[in-house]
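The structure in question is shown below.

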Amino acid sequence: MNALKEAKHKKTRKRQHDEELRSEVNINKPHLDDELQEEHGTQIAPHFQGPMDKFANHINPEASLAARTRQQNIHDAISKEKTHVVRQYCARWMYESSIPFNAIDNESFRLFCEALGQFGPGWVPPTQYQLREPLLNEDQERTKKKLKSLEVEWEEQGCSVMTDAWTDMKRRSIMNLCVYSRGGTCFLSSKDTSKDSHTGEFIFKYIEKCIGDIWAKKVVQVVTDNATKNVAAGRMLKEMRPNIFWTGCAAHTIDLMLERVSKLPWFAKVISQAKALTVFVYAHHKTLFMMRAHTKKRDIVRPGATRFATCFLTLQSLHEKKSQLMSMFGSDEWHECKHSKCAKGKQASDTVMSFAFWSSVIMVLKVFSPMVKVLRLAYGERKPSMGVHLWRDLRS
């Protein structure tokens, strides 16, 4: 019922969130704004910056009911036209700078737009030097102050230490440590471990130093993946600090389960057929062009967060494009293509035209769909699977 209610009130919550976000922006002097808000109890609203703004209070456009309910006039039409022109400038900047489209939903960008609107015309953007040095240092100090509230949360509710190792573009081995609590996740430290052997003892010492820096009584659990070296580090941690839980990553555990099941003979046969089909299609320019022409420029391979997730999503994509693929391998263009005469081409055609193959794909998807849903929940970053406070209650 709560989920249904949340869906109904989604627009209301989004509007309230936008209003709260806009109210956070204040480019005037803090002490003047505090006095004005105490006297009048009004929220800060966007306006054009003028010479009298530092002496006058902000005008709240929502204070007058008549202003909200009036009919559209020529000024509203001009405002919409100006809004459209501003959006064109914003879009052009994003296109020329190759900025991802989802960056438009970034809250920091919305705060910047609100601050720019309050400032008005004539704002001069920062230089590259200001972005690299003074502004970066100021934002670092702001982040440190923000982390102090998380440290209070660690003290009251406890926290989890999470570790992960990865390899960057320069083939350097990096190990990260993050701290999670109810207030959110924060990055703690990073270490270049290219010259070190990633043994269980090495990982244990790195985590133990992190626990000592935070203070052991604040740490409730340590989360790692299920690699052998991390399991060995977990055993050492239990011996040294028996009051701290060691927890294997749920997402990694489920992914390993799916990988083991996919290696069973019947499942492995279907996955191998699908893999041979996709490899053949993407190996030749002609077949790739034909496939995209029949699927309206949509690919059949869909990359996922893990290797098995990629395999499952590709099977799902193949099933969704079953009719287009059958139309492609049954067309005159395919029969006239030279690749249709080779052994791999005939094998790919037989696979697509086989009803037994598609029946097997449907069965594989039905078997793996529930586990993949759990994998997506475990990989989700918005809401943790189990709160730290529950672990703290279990420990106590």
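Patches are made of residues with over 30% relative accessible area and no salt bridge, like charges being joined within 9 Å and nonpolar side chains (Val, Leu, Ile, Met, Phe, Trp, Tyr) within 5 Å. A salt bridge is a side-chain nitrogen of Lys or Arg within 4 Å of a carboxyl oxygen of Asp or Glu. The model is predicted: local features need pLDDT of at least 70, side-chain atom pairs count only at pLDDT 80 or more, and totals for chains, interfaces and linings use all residues. Residues are numbered from 1 along each chain as its sequence is written, and side-chain values use heavy atoms, with hydrogens and water left out.

**Surface patches**

A patch of negative charge on the surface brings together Glu19, Glu20, Glu24 and Glu107. Of these residues, Glu107 lies in helix H6. A nonpolar surface patch consists of Phe112, Leu116, Phe119 and Trp123, whose accessible area together is about 330 Å². Trp123 sits in the loop between helix H6 (107-119) and helix H7 (128-132).

**Cysteines**

The structure contains 0 disulfides, a disulfide being a pair of cysteine sulfur atoms within 2.5 Å. The sulfur of Cys159 is too far for a bond, because the closest cysteine sulfur, in Cys210, is 8.1 Å away. Cys337 is likewise in no disulfide, the nearest cysteine sulfur being that of Cys342 at 8.2 Å.

**Accessibility**

Buried means under 20% relative accessible area, exposed over 50%, and partly exposed in between (1.4 Å probe, protein chains only).

| Residue | Relative accessible area | Class |
|---|---|---|
| Cys159 | 0% | buried |
| Cys337 | 5% | buried |
| Trp123 | 36% | partly exposed |
| Glu107 | 38% | partly exposed |

Definitions and conventions
Areas by Shrake-Rupley, 256 points an atom, 1.4 Å probe, with all protein chains shown as cover. Helix = DSSP H or I, 4+ residues; strand = E, 2+ residues; numbered from the N terminus. Lys, Arg positive; Asp, Glu negative; His and termini not counted. Charge placed at Lys NZ, Arg CZ, Asp CG, Glu CD.
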